[in-house]
Amino acid sequence: MGRVVSLKNDALIKQVNEQINFASSDEIQATTNDLRQAANDLKRDVLNRLIIDETDPYFLCSEDGYIAHANSAYRVMAMASGGALGVPFEAGGDGRLTMQVQAVVEEVKNTQEPARYTERLKIDGQEKIYSSKYFPVFNEDQAVVGVVGSFREITREIEKMRKSNESSQRLADFARATSDWFWETDRELNFKMLSDRFTAITGRPAALIMGSNLNDLGAFRHNVQGDSPGLAAIPAHKAFRNQLVEILDVDGNLVKFHLSGVPVYNHKTGDFEGYRGAGMDVSQYYEQVAEASEIRETLELALKELTRKNIELDRANLSANAALNAKEEFLASISHELRTPLKAILSFADVLSHEQFGPLPVKYKSTGDSILNAGQYLLGLIEDILDTAIIDTGDVKIDRQAVSLRNIIEQARALSSFKATEAGVKPIDVDLTDDMMVFADERRTIQIFVNLMINAYKFSSSDDRVGIVVRKVSDGAMVAVTVWDTGCGISVQDQAHVFDRFIKTQNNGSIKGANNNGAGLGLHISRELVRLMGGDIKMVSEMGKGSAFTVTLPLVSQE
């Protein structure tokens, strides 16, 4: 069984503790009755002298730590605390305080002074916060005869305070994130508060600014939007934002700030009492704005210059188009004015050459032949020059369709055979067992191969050979036709220029500008035409061993 402690004195406590194991049940009951009686006596004596709010839990204990009295609120709280507090006799407990509470009681007895605590208790499994107060109870002799402990739940108040602190901290964080320093003035606009951050930025002690006027802080300027909101708002006691103020720091450097402020009014009288606001360092921002403005001005100047050049280019294009139109008109005129009489001359020369009006002396017939050859040569030059001009203007008409490669080569061979006769070279023997269909302009393709065959004959002698090789390209989409000869060839340093305009290969393998033997346009025209048809021309040559020109053309898809 537990120890029984008397409310009388320490000697009795010691005596009871020494004899308790030998006491009879009647003696124990008598002792318990004595304790209850003593507690009731203390309760009557103390409660008659205390004024306690019955709505808050409280208890009265003796100087020995037994609960002499507890109101109903405490009894409910004690039973729900799970043993954190002492349970009085009336609630079915042993009337003894817990060790933690007993320690507080001892402190109050020893100091004879009230003690306040904030305690966290689990009530019915939920943590609650209480503000507790313990104070001593004295008898007529000023001796401590008991201690009263009262509890007031402050869980909600603490939670509200915590949330309020969090909100205050959040607002403070927002303010620090959006502003550099804070300020406050009185109704005369004299500073009465200036945060230390102002000193950190400008180097000017905030204490020296205190008492000075807001209007004397620095030079009020137009902000980047071109406004001065503070100049109008401050005299009218209105809120304003982003008023640019320039302030010199201790080193004489100009620091730019955006000031924002709200008026403060007395909530009772409505009288204006001053301003509260914040300042933000925007020096770097204005530097960036200035740089951006400078870049924008540079771009605007560049745009003006570009516009001017575009106008000049448009004018040049108009002039070029006019010149091109004039050129086309000239070419059309040349085509008609030169070809018509030239063809007439060729017809008359042909009549003389073939003696259609009767026999002629040998010299006259020879003269007719010369006229016919010269005219045909001149007509070829005119055709080449006109073709080149048309290619340069981009007005070449290419009529691509599926045509027989064998027919193209045979027609080109027939048209170029006269040159083989002149050179004393055996004409090309064409034998295409397997014909191929190419996607090309038939007339232009024949023109290309005639040019290549005539060149092969021209730069070959009677001891040389001229031939054609036809093969499919590896991917099967193109066919390669190579016209080769064993003539003089072309020097390495001149090979890069053979496709240039007005360049002519000589019989010694060198090249030079066009002379009376030709305009030097055949290869240039051939390459441009074959490229317009989706193909190309490549060349390989070696001095003294001949040349090979390979034309690639797209094959007609089998599908």
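Is R465 buried or exposed? R465 counts as exposed, because its relative accessibility is 53%; the cut-offs are under 20% relative accessible area for buried, over 50% for exposed and partly exposed in between, with a 1.4 Å probe and protein chains only. Here are my notes on the rest.

1. **Ground rules.** This is a predicted model, where local features need pLDDT of at least 70, side-chain atom pairs count only at pLDDT 80 or more, and totals for chains, interfaces and linings use all residues. Residues are numbered from 1 along each chain as its sequence is written, and side-chain values use heavy atoms, with hydrogens and water left out.

2. **The chain overall.** The protein chain has 13 helices and 19 strands; these are DSSP runs numbered from the N terminus, with helices being H or I of at least four residues and strands E of at least two. Of its 559 residues, 39% are buried. Take the contacts (heavy atoms within 4.5 Å) in the protein chain with a separation of 6 or more: residues 24 or more positions apart account for 54% of them.

3. **Back to R465.** You'll find R465 in the loop between helix 12 and strand 14. Setting aside residues up to four places away in sequence, R465 touches W484, D485 and T486. K426 is 39 residues from R465 along the chain, and their C-alpha atoms are separated by 7.2 Å.

4. Seven bridges link strand 15 (residues 478–485) with strand 19 (residues 546–554) in the antiparallel sense. T482 stands opposite T550 in strand 19.

5. **S541.** This residue is in strand 18. S541 counts as buried because its relative accessibility is 15%. Apart from neighbours within four places in sequence, S541 is in contact with G489, I490, Q495, G546 and S547. S541 and W484 are 57 residues apart in sequence, with 9.5 Å between them C-alpha to C-alpha.

6. **Cavities.** Searching the whole structure turns up two cavities of 30 Å³ or more. A cavity here is a set of points, on a 1 Å grid over the protein atoms alone, where a 1.4 Å probe fits but cannot get out, and lining residues have an atom within 4 Å of a point. Grid points are joined across faces, edges and corners, and a volume is the space filled by probe spheres set on the points. The largest cavity holds about 130 Å³. It is lined by 12 residues, and the closest to its centre are N455, F459, I490, S547 and F549.

7. **Who lines the largest cavity.** Helix 12 (442–458) and strand 19 each supply at least two lining residues, and helix 12 gives the most, with three. By class, the lining has seven nonpolar, four polar and one charged residues, where nonpolar covers Ala, Val, Leu, Ile, Met, Phe, Trp, Tyr, Cys and Pro, charged covers Asp, Glu, Lys and Arg, and polar the others, Gly among them.

8. Strand 3 (residues 115–123) and strand 4 (residues 126–138) run antiparallel and are joined by nine bridges, with Y117 opposite S132 in strand 4. Their hairpin has two residues between the strands, and D124 takes a positive phi near 55°. Strand 4 also pairs with strand 5 (residues 144–153), in the antiparallel sense over nine bridges; Y130 stands opposite E153 in strand 5. This hairpin has five residues between its strands, with Q142 in the turn at a positive phi of about 65°.

Definitions and conventions:
Pairing = 2+ DSSP bridges. 1 Å grid on protein atoms, 1.4 Å probe; cavity = no way out; pocket = protein on both sides within 12 Å on 5 of 7 lines; lining within 4 Å.
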